[in-house]
Amino acid sequence: MLMNQVTNLLKIEHPIIQAPMAGGISTSELVAAVSNSGGLGMIGAGYMTPAQIREQIREIKRLTSKPFGINLFVPNEFDANEDKVKSANQLLNPIREKLNLPPKLHVELPSFHDAREKYVEQIKVVIEEKVPICSFTFGIPSKSVVAELKEHNMMLIGTATTVKEAIEVEKSGMDMVVAQGSEAGGHRGSFMNEEKDNIVGLMSLIPQIADNVNIHVIAAGGIMDGRGFMASIYLGAQAVQIGTAFLTCIESGAHQVHKDAILHACEDETVVTRSFSGKPARGLINPFILSLQDCEKDLPEFPVQNSLTQDIRKASGSQNNKDYMSLWSGQSPRLSKNQSAKTLIESIMSEVKNTIGKQ
């Protein structure tokens, strides 16, 4: 149970994967600490430039000789609708005023062409730097990308929020699939269905995916301790991917305000919102989310809304103001602790071994 096909393929001691949290949370120190403790550390590289990726990979290699992986966002076509952008900006400008930011009059919008070019360069760096494991969110890489990565003996992991998505991940040639339950913090990894169709809890999702694919299943969503680990394994997963519990760890790059908010939150304080990025994501509810709640469906899609709110999120963080920050969190914040990544992994494995010993 503790050493299985996934641990063998990923060359790790424990079937615990640190969720690749983009935006600076997955620091080199966190990734290395997880890998050095027998789990799999992951770089959340979705927003990073190719040069930043190369730098972080090399930094991690100086901190650990153990395997680690990287996660990339698969770019999707998007509509930078000018009317929606103008409307969203009118809603955001009063918030900017509260943060002493100038109103945004002219917006430089992201383009799909640029996103695509960046993604191609990211893939190139991952190959050149010989990263052994690569996972993907928001979609499935093209057949040519999958084939190219396979030529370099890379283990590939997809993300799915429904059985349909998991089947497509398997068809694409991926080695494993992350079954992301609705409890998970941060962005939903959905790529086939509307948001209302993919809010499936992890305990329901794992056995359904495990019964319908032949590739290895990794469970993600609300797992914080040995209990969540054991439940996931019993239901058909061969490993777990943990985000929020690592986010509050000492080595995490999350803002201290973000960590403190999770450490003092209750289980009913999270909500799935499009307000920050244009893509559904789970986080702690705050005045920013409440102010845009009634018009969420009219906001621009990802990554347009994400670029519109960037200055607000940055200023809110620099002012230690949690009201307008994206406080991503899963549904089990009460179980979070301020501890080292090593202590977290040791604690989970100790609970697991004690549970097995009692059977």
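The model is predicted. It has 10 salt bridges in total. The largest nonpolar core holds 72 residues. Strand β3 has six of its six residues buried.

**Salt bridges around E129**

- Side chains of opposite charge can pair when their charged atoms come close.
- R54 and E129 form a salt bridge through their side chains, at 2.9 Å from N to O.
- R54 sits in helix α3 (residues 50–63), while E129 sits in the loop between α5 (112–128) and β4 (133–137), so this pair ties together parts that are 75 residues apart in sequence.
- R54 has a relative accessibility of 25%, so R54 counts as partly exposed.
- E129 has a relative accessibility of 7%, which is under the 20% limit, so E129 counts as buried.
- R58 also meets E129 in a salt bridge, with a distance of 2.9 Å from N to O.
- R58 belongs to helix α3 and E129 to the loop between α5 and β4, so the pair joins parts that are 71 residues apart in sequence.
- R58 is partly exposed, and its relative accessible area is 43%.
- These bridges belong to a network of salt bridges that links R54, R58, K61, E128 and E129.

**A salt bridge between two loops**

- R334 and E267 meet through their side chains in a salt bridge of 2.4 Å, N to O.
- This pair links distant parts of the chain, 67 residues apart.
- R334 is in the loop between α13 (304–318) and α14 (341–358). E267 is in the loop between α11 (256–263) and β10 (270–273).
- R334 has a relative accessible area of 56%, which is over the 50% limit, so R334 is exposed.
- E267 has a relative accessibility of 41%, so E267 counts as partly exposed.

**Nonpolar cores**

- In soluble globular proteins, nonpolar side chains tend to be buried together.
- Which members of the 72-residue core touch the most other members? They are I16, I43, I70, F136, F229 and F246.
- Helix α14 gives the most to this core, with six residues.
- F246 is in contact with I16, I17, Q18, M21, L30, V34, S252, A341, L344 and I345, leaving aside its neighbours within four places in sequence.

- Strand β3 spans residues 68–73 and is mostly covered.
- In a regular strand the side chains alternate between the two faces of the sheet.
- Strand β2 (residues 41–44) runs parallel to β3, and four bridges join the two.
- G44 stands opposite N71 in β3.
- From β2 the chain crosses through α3 to reach β3, and this β-α-β crossover is right-handed.
- Strand β4 also runs parallel to β3, and five bridges join them.
- G69 has I133 in β4 as its bridge partner.

How values were computed
Residues numbered from 1 in each chain as written. Predicted model: local features only at pLDDT ≥ 70, side-chain atom pairs only at ≥ 80, totals over all residues. Heavy atoms only, no water. Salt bridge = Lys/Arg side-chain N within 4 Å of Asp/Glu carboxyl O. Buried < 20%, exposed > 50% of the residue type's maximum accessible area, 1.4 Å probe, protein only. Core = buried A, V, L, I, M, F, W, Y, C linked by side-chain atoms within 4.5 Å. Contact = heavy atoms within 4.5 Å. Pairing = 2+ DSSP bridges. Right-handed = clockwise from strand over helix to strand, strands pointing away.
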